Each structure stands twice: as C-alpha cells, then as structure tokens.
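Hello,

Here is the structure I promised to pass on to you. Please open it beside this email, and then read on for what turned up in it.

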There are 2 protein chains.
Amino acid sequence: MTERIGYYKDLVVSAEEAAKHVNHGDRVGISGFTGAGYPKALPAAIAEKAKAAHAKGEEFTIDLFSGASTAPDCDGVLAEAKAIRFRSPYNSDPLLRNQFNDGTALYQDIHLSHSGQQVEEGFYGDFQVAIIEAVRITEDGNIVPSSAVGNNLEYIDAAEKIIIEVNEWQSLNLEGMHDIYKLEKLPNRQPIPITKPGDRVGTTFIELPKEKVVAVVETNAPDRNAAFKAPDEVSEKIAANFIEFLEGEVAAGRLAYDGFIMQSGVGNVPNAVMAGLLDSKFENIQAYTEVIQDGMVDLIDAGKMTVASATSFALSPEYADRMNEKADKYRESIILRPQQISNHPEVIRRVGLISSNGMIEADIYGNINSTNVGGSRIMNGTGGSGDFTRNGYITTFVSPSVAKDGAISAIVPFVSHTDHTEHDTMVIITEYGVADLRGLAPRERAEKVIAVAHPDYRPLLQEYFERAQANKFQHTPHDLKTAFDFQVNFAEKGDMRG
Amino acid sequence: MTERIGYYKDLVVSAEEAAKHVNHGDRVGISGFTGAGYPKALPAAIAEKAKAAHAKGEEFTIDLFSGASTAPDCDGVLAEAKAIRFRSPYNSDPLLRNQFNDGTALYQDIHLSHSGQQVEEGFYGDFQVAIIEAVRITEDGNIVPSSAVGNNLEYIDAAEKIIIEVNEWQSLNLEGMHDIYKLEKLPNRQPIPITKPGDRVGTTFIELPKEKVVAVVETNAPDRNAAFKAPDEVSEKIAANFIEFLEGEVAAGRLAYDGFIMQSGVGNVPNAVMAGLLDSKFENIQAYTEVIQDGMVDLIDAGKMTVASATSFALSPEYADRMNEKADKYRESIILRPQQISNHPEVIRRVGLISSNGMIEADIYGNINSTNVGGSRIMNGTGGSGDFTRNGYITTFVSPSVAKDGAISAIVPFVSHTDHTEHDTMVIITEYGVADLRGLAPRERAEKVIAVAHPDYRPLLQEYFERAQANKFQHTPHDLKTAFDFQVNFAEKGDMRG
C-alpha cells in the first residue's frame with residue numbers, strides 16, 4: 001500500500017497513535033459527506049480515548065465539524081462513546097440524533113454552503129485537528145481526496161494539525177474526478193468562473209500545508225453505502241407528477257427537452273424521479289447538485305445525462321462497487337467539487353437549475369419544515385436544500401402526502417418549524433398532484449396546496465382555512481389558537497387527525 | 001422642457017391620453033423603489049379611468065408590479081380607486097395594505113432580487129404596459145432613469161407597450177450616476193463582473209426598444225420624501241450597541257476600521273446607526289445596499305463613506321433637494337444599479353458585507369418575522385432583507401425591544417410568520433444589548449436572545465423556555481400549545497403580557 005503514501009511515509013502510524021493528537025475540548029474538522037469520504041479509523045480510536053477518560057471520571061468531548069453526514073463507524077461510534085459535545089453542519093446518525101433530542105449533545109444545523117465560510121471567518125474559534133480521507137498522497141505531499149470533497153479545504157486551512165487517512169478501498173481512478181477550486185478570502189473574492197455544470201476550473205488534488213501534517217493512517221474500509229428502496233407506487237406517482245410538471249414547462253416555453261439542469265435531494269423519491277427521467281423525452285440532462293446517487297449513474301450509463309457535478313456520492317453497495325471499478329470512465333462525466341462551490345448561490349443562480357428536495361411538512365401557504373418534527377425533534381438537517389431552493393430557477397419540494405400509515409400529513413395548517421419560507425417555495429408535488437405556487441398570493445396558494453394533500457386531510461385543512469378567514473386579517477389568514485392542532489394531536493394521540 | 005425629450009417629441013401626450021393604453025386586466029410594470037422614481041402622472045389617470053368604469057358598473061383592475069414601494073400619488077390613488085387586483089413585489093402604501101388585509105386585493109411578497117427574474121422567466125404571464133420615469137430621453141431614443149432603477153429593464157423587456165414619464169423635478173445631473181448592467185438570459189449567464197461596491201460595469205442609460213414606445217408624458221413632481229424622525233434615546237442606544245459590536249469584530253480580527261462594507265434597511269434605527277458611524281473610528285466605509293438614505297449622504301459629506309451602491313434613494317425633503325442641487329458631485333460616489341444587481345446573491349456574497357435590517361419580531365431561537373403582524377396582517381414586505389441576510393458576511397437584525405408602549409415585545413416564544421430562518425440569523429440587537437448567535441445551537445441561542453428582550457418580557461420568555469424544556473424533545477424545545485400565547489394575548493387583550 002505504500003505506493004499510495006510515499007511523501008509522508010515516516011508519519012504512518014496506527015489510528016490509536018494518531019488519536020493522541022486529539023484532545024478533550026478540541027474542534028475537529030473531518031472529511032465526509034452523505035456517508036462518503038469520511039475517516040474510517042480515527043473516529044473509533046477517538047471514541048476509545050473518550051471511553052477511557054470517562055472510565056477514569058475525566059471529561060472528554062470534541063466539537064465535530066464535517067462536510068455533511070457520515071456513518072455508524074464515524075458519528076455513530078463517537079456518539080456511542082458520548083464523545084461529541086457539539087456537531088455541525090449536518091447529521092443523520094440515529095444515535096447522535098437521539099443525543100440532540102435528549103439534550104445531551106448540541107447541534108448547529110446550517111446551510112451547507114455557509115459552514116465552510118463561517119469556519120474560515122473564525123465564527124467558531126480555532127480548530128485543533130483536521131482528519132481527511134484521501135485516495136492517495138501525491139509525490140509532492142498533496143492529497144487526492146476520496147469520494148467526497150465537502151469542507152476539506154476549510155478544515156485543512158483552519159486546523160493546527162492534519163491527520164490523513166489513506167483508504168485503499170477507494171479507487172485510485174477517482175483521481176481526475178475532483179475539481180478543487182479555492183475561493184479567495186474576503187475581501188479579495190473574484191467571480192467563480194463556472195458557467196456550466198461541466199466546467200473544470202481547479203486542480204485534481206488538494207494542496208496541503210505540509211508542516212501541519214502530523215500523522216498518516218492506512219485504512220481499507222467501504223463508505224456507508226445503503227441500498228435505496230425499490231420505487232413503490234406512491235414514489236412512482238410522485239415521479240410521474242414531477243415529470244408531467246417538467247413537460248408542462250416545456251409546453252410553456254420555459255424549458256427545453258434538451259439540456260436541462262437538475263438538482264436533487266437524496267432519497268427514494270428522488271431516485272424514482274431519476275428512474276422516471278430514464279424513460280422520458282428529456283435528453284442531455286445535466287446535474288449541478290450535492291450528491292451523486294444511483295439514479296444519476298443510471299442516467300449517465302443510458303446516455304441521458306451528460307455531466308453530473310456534486311461534492312460527494314451516496315451510492316448503494318452495488319453502485320459503489322461499480323464506481324470503484326469504472327471510475328476511470330465515470331470521471332469523464334462526474335465532477336466532485338468543494339461544497340462551497342457545489343452549493344454556492346453564485347453558481348446555482350447562474351446556471352439556472354430546477355431543484356427538487358424532500359420535506360417533513362409544508363403549510364397551506366407554502367412554508368416548508370425540513371428538519372424538526374413537531375417543531376422540536378430534529379431529524380437530519382436543512383443540508384443544502386436552502387442553497388438550492390433559494391437560488392434555483394424553479395424550485396420544487398416532493399413528498400408523499402402522508403407518513404406513518406396516514407397518521408401524519410405532509411400538509412399542515414402551520415409548519416412547526418420553518419426552513420424555507422413562503423417567499424422561496426415555488427412548487428409542491430405529492431402523489432396527488434402539483435401545486436404550482438409561482439406568482440400567487442397567499443390565499444391563492446392555500447387552495448393549490450390543500451388540493452395536493454391526502455384526501456383524508458383535505459376537509460380538515462379546508463376547515464382550518466375557513467376558520468382562519470373568519471378572523472380579521474386576510475393577507476395570510478391564520479387562527480393562531482388552532483394553528484398547531486395537527487401537531488398537538490399527533491404528539492398526544494399519535495394521529496394528526498386527532 | 002422639450003430639451004429633455006427630443007427623440008419621441010411626436011409622442012408627447014397628456015397623462016389621460018397615455019392612460020388609454022392601459023386596460024382592465026393588464027399586467028403593468030412600473031419604475032419606482034422606496035418612493036423614488038415612480039411615475040407621477042399615469043397612476044392618477046389610470047385611477048380616473050377605473051373610477052369611470054366602476055361608475056358604469058364595469059370591471060377595471062390591473063396587476064401592478066414595481067421595483068418596491070411607491071407613494072400616495074401612485075399606489076395610493078390606485079388603491080383609492082380600487083384599481084389594483086394584484087400587487088408585487090413590495091408595498092408600503094397604507095391604503096393598499098388595508099386592501100390586502102381586508103381581502104379585497106392580493107399581494108405576492110417576494111425577495112426583491114427574485115422579482116425581475118421571475119418576470120423575465122414568464123412566471124406571471126405577459127405584460128401589457130411598462131411605465132417608466134426618466135430624467136431625460138437621449139438623442140438616440142434611450143432613457144436616463146431617474147432616482148430609482150428597480151426592475152425597469154425587466155418591465156421594458158416584458159411589456160408590449162412602453163410609456164415614459166419625463167420628470168423635470170429630477171436633476172439632469174443624475175445622468176452618470178446610474179450603472180445599467182443587464183444579466184444575460186438563462187442559460188447564457190456569465191459572472192457579474194463586480195468585485196467592489198464602486199465597480200461600474202454598465203451604461204449610464206437604459207436602451208429602449210423604440211418600436212414599443214407609445215407615449216411620453218411630461219411631469220414635474222417630487223418623489224415621496226418623508227422626513228426621518230430625529231434619533232430618540234432607544235434608537236441611539238441600539239446604534240451604540242451596533243457600533244460596539246462592530247468594534248468587537250475589529251478586536252477579534254474579523255473586521256478592519258478601514259473600508260468595511262455595509263448594507264442597511266430603511267428607517268429611523270438605521271439612520272441612527274449611520275449617525276453613530278459618523279463619530280466612530282470607522283473610515284472609508286462603503287455601502288452595497290438597496291437604498292441611499294440621509295445618513296449615507298452625511299457619511300459621504302463627512303468623508304467617512306467613499307462609495308454607496310444602491311438601486312434608489314429614500315431621502316427626506318431637505319436631502320432630496322440637496323441631491324438635486326449637487327447630483328454632479330454625488331454621482332462621483334453614488335451608483336444606482338438595477339435591483340437584480342444591487343440585491344444579487346452573487347455580488348452580496350462576494351463583497352462580504354455586514355447587513356442590518358429591522359424586524360417585527362424574533363423568536364427565542366432566532367427566526368425572524370419581517371412582514372406579518374400576528375401571522376396574518378401584512379405590514380410592508382420582506383423586501384431585500386432576505387437577499388442581504390442570506391448572503392451577507394455578518395447579518396444583523398436591529399429593533400427596539402418593545403412597541404406600542406410595551407404592549408408588543410419584539411422577542412416572542414415562536415414567530416407567527418417566518419421570513420428569515422434560524423439558519424440565517426447571526427446577530428440580534430436591541431437597546432438592551434447584542435445577541436450574537438453565531439456558531440450556537442438552538443438552546444444556547446435562546447439564552448442570548450432572551451437576554452436582549454425588554455426586562456418586562458424576560459421572565460415570561462424564560463417561563464416559556466423552561467416549559468418547553470419540560471417536554472420530550474430538546475433540540476429546539478417548544479410547547480406548541482402555548483407557543484403563540486404572546487400573539488393571542490395581543491389580539492384578544494391588546495397586550496402580549498395578557
């Protein structure tokens with residue numbers, strides 16, 4: 001394996017040894033985004049260190065910063081060891097999430113395009129350690145990152161010490177897929193010279209400040225690759241509605257069958273949408289998005305997608321194997337960028353993409369809750385949904401109309417948490433249709449949104465809307481005393497219908 | 001006055017004659033932003049036409065689009081004639097606001113940087129008429145816009161017919177102050193080549209499609225120039241807290257006394273902040289903002305501000321006269337841009353500005369309501385506050401801690417409408433201090449926010465926060481049954497304290 005290391009070969013140590021550089025109270029920035037490219041060995045070693053300290057009655061926690069979500073062998077083992085005091089900017093680990101919700105760990109959930117900049121600007125204070133997964137170390141002591149770029153640049157810059165994990169599981173052929181473009185620091189920023197998703201404007205490696213590298217650890221472990229569920233009837237119907245909406249845009253002269261640019265959240269519904277696009281009239285599709293998913297790989301294989309720009313992968317085990325085997329082919333059409341670039345408002349607004357993201361609930365006026373069930377219980381986080389929704393050409397939210405066998409409606413009178421405001425939401429799509437809210441005032445929007453709710457909930461929503469309109473003010477009619485009845489019913493009786 | 005018109009002299013008609021081009025059901029795009037640069041004669045003529053139609057039992061309403069707010073002789077006369085069916089993207093006229101709130105007119109309140117793009121993309125359908133105020137018509141049949149640029153380019157492009165109002169009240173020396181840069185249409189957009197607030201990248205006039213010009217109307221009427229209140233004790237304390245915050249940023253190495261870039265909302269508190277800057281250590285201040293206010297003119301006169309970029313003026317009568325007298329001097333340091341550029345996320349994020357906007361209420365976690373009192377009653381609109389808050393380097397909201405003699409608290413348990421989410425709000429400033437929320441998780445933020453509430457309300461907010469924490473989920477603790485008690489108390493008893 002030394003052919004992957006070379007330059008720092010004298011710094012190769014065990015994970016346990018490398019973990020000595022991580023101390024209680026440290027701010028630690030790691031690679032990793034949607035379960036790809038996170039460090040595989042150090043987290044367990046830090047967790048062991050925390051457990052040993054706790055066994056002796058000593059404190060040991062870190063503040064952990066990443067690109068986005070990692071995996072059980074990263075956030076999971078650290079949470080299990082109660083080694084995380086504070087986490088940002090995104091998490092999907094169930095154990096750690098429980099700690100946010102029971103109050104034993106803190107979480108700052110922010111837009112993924114903002115996190116790196118706020119680290120650079122010193123809003124969090126100093127960073128002690130950066131732990132970055134790499135495919136290999138170059139002859140000059142730089143690194144080829146692995147299956148995610150995330151906030152690697154910002155953590156490498158901010159940290160006093162750098163630990164590199166070189167992961168043999170990652171294909172050497174990922175080299176050439178990355179496009180590492182570094183924003184100038186304020187006040188010297190220049191325009192980002194990307195005008196099309198396929199533009200390459202940077203290097204294929206990350207330059208390292210060599211004097212800060214303190215350890216290199218060898219690993220051989222897969223990313224967290226979870227299988228997607230096969231599309232069910234509901235997600236297929238949503239996908240069909242989404243594609244019908246796109247075709248309506250073509251008919252209206254606002255979109256072409258050739259070359260449209262998509263962004264897509266991660267999950268089963270988005271994957272169903274991509275499966276739908278496979279059989280659609282759309283050609284030469286481009287993605288300017290956060291994450292490369294199975295569905296995009298299928299679109300590339302079928303010749304329907306010409307380029308996909310993102311910051312990481314979220315692939316099933318089968319597709320991850322395929323990526324590792326054929327990375328030399330996929331790097332012709334896939335680009336992995338730093339997340340400040342993949343999610344940058346400047347580029348998103350310039351290219352003019354159509355965004356599509358999931359949600360927890362939408363209210364009748366189009367406000368969206370992406371994060372907190374019942375207003376208090378964090379699920380994952382807002383991620384990049386705000387970056388894309390705020391700056392996209394057409395922005396959509398897609399969701400099944402109900403969850404938990406109908407006990408939860410995705411459409412409610414008043415969202416219990418707002419991640420996207422009524423000013424930003426253009427289109428809401430469920431299996432019951434498309435609520436196109438563009439150009440409409442609040443009361444007009446309410447009618448459209450109620451129409452795509454589950455039929456069980458439409459009368460309840462209509463009842464609320466009428467009660468609200470019986471009050472005095474009619475711009476955004478509400479009845480604040482009963483606005484949260486759906487959520488209160490669910491908390492008390494396990495069903496939003498009461 | 002013909003020296004201002006020339007090219008279209010054969011098209012000069014009365015306002016009444018020009019208004020014949022405006023019909024029931026039309027979409028009409030007008031110039032005007034914060035009471036500057038709106039058409040002065042056509043609105044009254046259209047209102048007369050509407051009244052005459054209504055007297056005959058005929059329908060007559062238009063859908064009206066502007067840059068932002070206009071004035072009593074524009075939105076006001078049209079509202080009085082019940083001539084507006086739908087309005088976007090911003091309004092501050094009290095008569096028209098009443099119609100939104102009593103349900104007789106519709107209002108779509110959207111980010112000011114988004115409105116022009118959505119017109120271009122056809123989200124509203126066709127536009128029949130554009131009515132644009134100009135300082136003069138050039139020899140080639142183009143126009144020099146007046147005291148606001150707003151969405152002029154987009155309405156001129158979209159409309160079938162163009163009516164020009166040439167206003168002799170506006171100084172001919174405004175020519176040279178404008179910087180008209182037009183974004184390419186999707187999918188051919190290029191980077192906006194502005195890297196500093198003072199960069200000029202366009203023309204000093206707006207090119208007109210001459211065949212669409214159907215009428216020219218001569219006017220001689222002032223902009224709506226309202227006097228600002230002299231700073232009172234509360235606004236002076238807020239301003240002092242704001243400047244102390246800035247000095248803390250200098251001490252922390254995140255800001256320099258030389259050359260910082262500000263954005264500021266409009267109003268008495270912002271003007272007090274600018275008065276405070278006049279006596280501060282800050283030098284060579286730049287503004288990349290929406291609106292030029294009295295306070296900025298003072299900073300320019302005092303040699304403290306080197307450049308101010310905006311899309312319009314909001315000046316008191318005294319300052320408006322000064323501007324008209326010395327426009328040839330002010331145009332050296334003031335630039336007026338189209339609002340897609342003054343408010344563009346690309347430029348805002350690139351220059352790295354510190355934003356400062358007012359609010360109606362903030363909740364304990366930092367969500368901000370800028371628009372709807374009690375969740376339903378629209379005041380003005382979100383304006384550009386989202387454009388700047390979402391993309392600024394440091395983003396602040398400033399507000400007195402109470403309104404209506406203490407009956408309303410600016411800090412509440414749960415905002416009744418969300419215009420800026422917890423993910424975006426960095427700093428909240430009242431006369432009681434600075435709540436710096438950067439890098440904090442929700443429960444940590446609540447303590448900071450409650451600390452800047454009015455002392456009368458702190459115990460009530462603390463009580464809510466404790467009740468919320470007695471519930472099960474601790475990420476963003478809430479008690480949905482009592483979350484809106486403040487607003488319900490105010491609606492029922494006229495006091496948030498109940």
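**A buried histidine**

With a relative accessibility of 0%, His111(B) counts as buried, where buried means under 20% relative accessible area, exposed over 50% and partly exposed in between, using a 1.4 Å probe and protein chains only.

Before going further, a word on the ground rules. This is a predicted model, in which local features need pLDDT of at least 70 and side-chain atom pairs count only at pLDDT 80 or more, while totals for chains, interfaces and linings use all residues. Residues are numbered from 1 along each chain as its sequence is written, chains are lettered from A and ligands numbered from 1 in the order in which they are written, and side-chain values use heavy atoms, with hydrogens and water left out.

So where does His111(B) sit? Look in chain B for the loop between strand E4 (106-107) and helix H5 (112-120); helices (H or I, at least four residues) and strands (E, at least two) are DSSP runs, numbered from the N terminus.

Which residues does His111(B) touch, leaving aside its neighbours within four places in sequence? From chain B there are Thr382(B), Gly383(B), Gly386(B) and Asp387(B), and from chain A there are Arg390(A), His423(A) and Asp424(A). Contact here means heavy atoms within 4.5 Å. Gly383(B) is 272 residues away from His111(B) along the chain, yet their C-alpha atoms are separated by 5.5 Å. With Arg390(A), the side chain of His111(B) makes a polar contact of 3.3 Å (a pair of N or O atoms within 3.5 Å; within protein, one must be able to donate a hydrogen and the other to accept it, and residues adjacent in sequence count only if both atoms are side-chain atoms).

**Where the two chains meet**

The contact takes 88 residues from chain A and 88 residues from chain B. Between them the chains bury about 7000 Å², with 53% of it on carbon and sulfur atoms; buried area is the accessible area (1.4 Å probe) that two parts lose on being put together, summed over both. In chain A, the residues that lose the most area to chain B are Arg349(A), Arg390(A) and His423(A), together 13% of what that side buries.

**Chain A and the scores**

Chain A has 16 helices and 25 strands. Of its 498 residues, 65% are buried. Its average pLDDT (the predictor's confidence in each residue, from 0 to 100) is 97, and 100% of the residues score at least 70. For the model, ipTM is 0.98 and pTM is 0.98.

Enjoy exploring!
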